[in-house]
Amino acid sequence: MNIFKRLLRIGQAEIHSAVDKMEDPIRMTEQGIREMREDLDRALESLAQIKALAIRTKNDKTKKMSTAQDYENKAALLITKVQKGELNMEQAEKLAKEALSLKATLLEEVKELEEQQLKHEAAADEIQKNVEVLKFNITKWENELKTLKSRIRVNRATKEVNKQLAQIDSNSTISMLERMKEKVEEEEALAKAYGEIAGSRTSLDDEINQALGDEDGKVSEDLDEIKRKLGMI
């Protein structure tokens, strides 16, 4: 299990310069967590196997110790039968020595099994520690990933808002509004100018009519004077 290698790769998801080169830190972190979970599965499997081996070794040791004790008991029983006259001394001692020899062999095996058991248990303890480290770091980085995702969502939302605000100026919306305002003012000024032109034209017509009206009056007076001279009035 390359635990520290995994941790390093996870850490690089946040601090490695590759992040600045548009590599997705979320994807890298998720991949790291998946690899750590795979390591955890393998560690748990190894732990189970080592513990099972330690249990079998312990059971074998216990069984051999029991058998060795049985041989010792049988040797004692053989001597007892000599005392009772049930066996002769030579035969009893021969069998008793064989039983004690088997006992000694079993005790040697028990000693070896004891050493194996200790080794298995030590290995299991070491794997258990690694399992706890993996569990701790998986939980830690899952929480970090949640935080990272939240930060990215906030940053993206903020970026979109800022982008919209920036586009208000960059796409000349304000300038367009100013031009529309100027256009309206131009239209208003033009309408006013047309109004003044129309007003001035009306005044000119009035002046002409007034002038013409005065001429008509003078013509009428002259005509009346002629009529008086002719005795027509």
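**Salt bridges and confidence in a helical model**

Glu-114 counts as partly exposed, at 30% relative accessibility (buried is under 20% relative accessible area, exposed over 50%, partly exposed in between; 1.4 Å probe, protein chains only). Its side chain meets that of Lys-61 in a salt bridge, 2.6 Å from N to O (a side-chain nitrogen of Lys or Arg within 4 Å of a carboxyl oxygen of Asp or Glu). Glu-114 lies in helix α3 (residues 89–170) and Lys-61 in helix α2, so the pair ties together parts that are 53 residues apart in sequence. Lys-61 counts as buried, at 11% relative accessibility.

This is a predicted model, in which local features need pLDDT of at least 70 and side-chain atom pairs count only at pLDDT 80 or more, whereas totals for chains, interfaces and linings use all residues. Residues are numbered from 1 along each chain as its sequence is written, and side-chain values use heavy atoms, with hydrogens and water left out.

A salt bridge also joins the side chains of Lys-64 and Glu-109, at 2.7 Å from N to O. Lys-64 is in helix α2 and Glu-109 in helix α3, so this pair ties together parts 45 residues apart in sequence. Lys-64 is partly exposed at 26% relative accessibility, and Glu-109 is partly exposed at 27%. Lys-81 forms a salt bridge with Glu-86, with the closest N and O atoms 2.9 Å apart. Lys-81 has a relative accessible area of 29% and is partly exposed; Glu-86, at 47%, is partly exposed as well. The whole structure holds 7 salt bridges.

The protein has 4 helices and 0 strands (DSSP runs, H or I of at least four residues for helices, E of at least two for strands). From the N terminus on, its elements run α-α-α-α. Among contacts (heavy atoms within 4.5 Å) between residues at least 6 apart in sequence, 79% join residues at least 24 apart. Buried residues make up 19% of the 233 residues.

The average pLDDT (the predictor's confidence in each residue, from 0 to 100) is 79, and 72% of the residues score at least 70. The mean is highest in helix α2 (residues 25–83), at 92, and lowest in helix α1 (residues 3–15), at 54. Over residues 18–22 pLDDT stays under 50, and the model has 5 contacts there beyond four places in sequence. Where pLDDT is low, the predicted coordinates should not be read in detail.

Leu-230 lies in the segment after α4 (173–229) and is exposed, with a relative accessible area of 62%.
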